[in-house]
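This briefing concerns the structure shown below, which is a predicted model.

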Amino acid sequence: MEELDDYSNKKISVLSLEKLTLFNVPDEYKYGNCNDVNDYEKLNRVGEGTYGVVYRARHIKTNKIVALKRVRMEEEKDGLPISSLREINILLNLRHKNIVELKEVVVGKRLDSIFLVMEYCEQDLANLLDNMINHFTEAQVKCIMLQLLDGLDYMHEHFIIHRDLKVSNLLMNDNGTLKIADFGLARKFSIPNGPMTPRVVTLWYRAPELLLGSKMQTTAIDIWSAACIFGELLLHKPLLPGRSELNQIDLIINLLGTPNETIWPDLSSLKFFENFSLKHQPYNNLKQTFPWLSQTGIDLMNSMFMYDPNKRANAYKCMKSTYFKEKPLPCEPDLMPTFPQHRLKNTEKRKKQEQNAKDNNEKFDLFQNMDAKNIMKKSTSGSKILVNVSKQSMKDNEKESRSRSLSSSQESKRTKH
Ligand SMILES: Nc1ncnc2c1ncn2[C@@H]1O[C@H](COP(=O)(O)OP(=O)(O)O)[C@@H](O)[C@H]1O
Ligand SMILES: [Mg+2]
């Protein structure tokens with residue numbers, strides 16, 4: 001790994017997020033308990049999102065293959081990006097077969113050289129869909145959906161909302177096990193839940209309550225995204241590929257009909273409701289869009305696409321749907337085929353697609369909701385993790401979050417082969 005600077009002679013200060021004062025780190029603790037990134041040999045680059053490059057790497061001593069996600073620091077003059085702190089904090093607290101495992105955080109000699117070491121997965125679903133010659137069979141779609149719902153159920157039971165579910169954030173290993181990844185936008189919620197910034201979730205997968213400015217985010221926004229993924233797996237192309245927020249709402253209405261206060265009582269109280277004049281379209285067109293899908297499949301999708309987030313099905317209820325018990329039965333994960341690895345080809349294409357959506361990340365709210373003491377405690381392998389998060393960076397984040405414009409982000413269309 002490239003190493004540029006050595007901090008061995010420099011004093012390191014840490015901001016206490018509890019007292020908001022700086023204190024010097026004693027020399028013996030300067031590099032924390034983190035292992036060295038040089039314990040790993042970088043093999044090839046497998047992905048690049050907005051926040052970090054991801055490499056396939058080999059642990060030199062054990063020969064184990066892992067994924068190394070480099071924390072992108074270029075634009076962060078004042079410390080570790082909020083998205084990475086979030087991802088580390090949340091992943092350290094989640095252990096489930098359908099959630100990507102964060103093994104450790106390793107560092108290089110430079111203070112800004114920080115890597116998340118994760119279990120390695122051979123595929124992500126975006127690349128698979130882009131490159132597969134044959135479509136997934138319905139039995140395979142059921143297998144993927146059941147695993148996604150299982151991971152979501154666990155996550156929601158642990159009070160985590162992912163807030164960026166989409167096919168490029170779903171990984172699959174050669175054993176056919178699906179892993180939910182990329183927790184850079186995820187948030188812990190409480191009951192009752194406080195307000196959160198509405199501009200999360202990549203446009204195509206964004207729930208109507210977010211598009212209409214609801215600040216109350218619930219686990220239902222992940223279920224909406226999961227429904228979009230369900231449709232995408234069946235159709236083999238994105239189900240609701242909006243070009244703008246307005247167009248996104250139009251596409252939703254084309255598919256599901258115009259919402260009204262009878263089916264969604266809170267509708268008119270949503271912040272942007274007045275801004276959009278919703279077009280009139282009285283029909284639910286799910287059956288027309290998926291003519292081959294059984295009634296139980298349509299019912300399941302309808303329950304995940306309920307306009308009113310309070311009525312939308314939860315992950316557990318979806319898993320129990322009769323759809324998964326009728327033929328074709330879901331295949332077992334280890335009977336999923338293995339696929340050639342195509343990832344490098346499409347990285348650039350997807351990066352562009354996702355860039356704008358990531359502009360929506362609010363950074364400031366980490367400090368409102370995240371238990372900073374917990375990060376310090378839980379990131380046992382990283383006493384360097386909070387180094388350099390200055391008071392100024394918190395102020396900048398606050399400024400940025402307040403001044404963020406409402407202009408809609410445009411997604412460049414993922415082209416299909
Ligand atoms: N554990 C992993 N194993 C294999 N590939 C991964 C892993 N984590 C991420 N990737 C690849 O890197 C891409 C970007 O990673 P992601 O965590 O989604 O970062 P970003 O926040 O930048 O989108 C993913 O779409 C996937 O292709
Ligand atoms: Mg991602």
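In helix α1, the buried residues are Ile-82, Ser-83, Ser-84, Leu-85, Arg-86, Glu-87, Ile-88, Asn-89, Ile-90 and Leu-91. The helix is thus mostly covered, with 10 of its 12 residues buried. The points that follow begin with the length of this helix and then move to other parts of the predicted model.

**Helix α1**
- Helix α1 comprises residues 82-93, and its end C-alpha atoms lie 17 Å apart.

**Helix α3 and its packing against α5**
- Helix α3 has 20 residues and reaches 28 Å from its first C-alpha to its last, close to the 28 Å expected at 1.5 Å a residue.
- Of the 20 residues in α3, 15 are buried, and the helix is mostly covered.
- Helix α3 (residues 138-157) packs with α5 at an angle of about 165°, and the two axes are 10 Å apart.
- Because angles over 145 degrees count as roughly antiparallel, α3 and α5 are roughly antiparallel to each other.
- The crossing of these two helices, α3 and α5, is right-handed.
- On the α3 side, the residues that meet α5 are Val-141, Ile-144, Met-145, Leu-148, Leu-149 and Leu-152.
- On the α5 side, their counterparts are Asp-222, Ala-226, Ile-229, Phe-230, Leu-233 and Leu-234.
- Just after α3, Phe-159 adopts a positive phi of about 65°.

**The annotated position Lys-69**
- UniProt, in an unreviewed entry, lists Lys-69 under "binding site".
- Lys-69 is part of strand β6, which covers residues 65-70.
- Lys-69 counts as buried because 28 other C-beta atoms lie within 10 Å, where 20 or more are required.
- Leaving aside neighbours within four places in sequence, Lys-69 is in contact with Gly-52, Val-54, Phe-115, Leu-116 and Met-118.

**Ala-126 and Ser-168**
- Ala-126 belongs to helix α2, which covers residues 125-131.
- With 23 other C-beta atoms within 10 Å, Ala-126 is buried.
- Ala-126 and Ser-168 are 42 residues apart along the chain, yet their C-alpha atoms are separated by 4.6 Å.

**Positive phi angles in loops**
- Asp-182 is not a glycine, but its phi is positive, at about 60°.
- The loop that holds Asp-182 runs between β12 (178-180) and β13 (187-188).
- Asp-182 is buried, since 27 other C-beta atoms lie within 10 Å.
- His-236, also not a glycine, has a positive phi of about 65°.
- His-236 is located in the loop between α5 (220-235) and α6 (245-256).
- His-236 counts as partly exposed because it has 14 C-beta neighbours inside 10 Å, a number between the limits of 12 or fewer for exposed and 20 or more for buried.

**A cis peptide bond**
- The peptide bond joining Lys-327 and Pro-328 is cis, with omega about -5°.
- Pro-328 is situated in the loop between α9 (315-319) and α10 (343-358).

Terms used. Residues numbered from 1 in each chain as written. Chains lettered and ligands numbered in written order. Predicted model: local features only at pLDDT ≥ 70, side-chain atom pairs only at ≥ 80, totals over all residues. Helix = DSSP H or I, 4+ residues; strand = E, 2+ residues; numbered from the N terminus. Expected span 1.5 Å × (residues − 1). UniProt positions renumbered as here; feature names shortened; annotations may be inferred. Contact = placed C-beta atoms within 7 Å. Axes fitted to C-alpha atoms, helices over the stretch in contact; angles between N-to-C directions. Parallel < 35°, antiparallel > 145°, perpendicular 65-115°, else oblique. Left-handed = near helix turned anticlockwise from the far one by under 90°.
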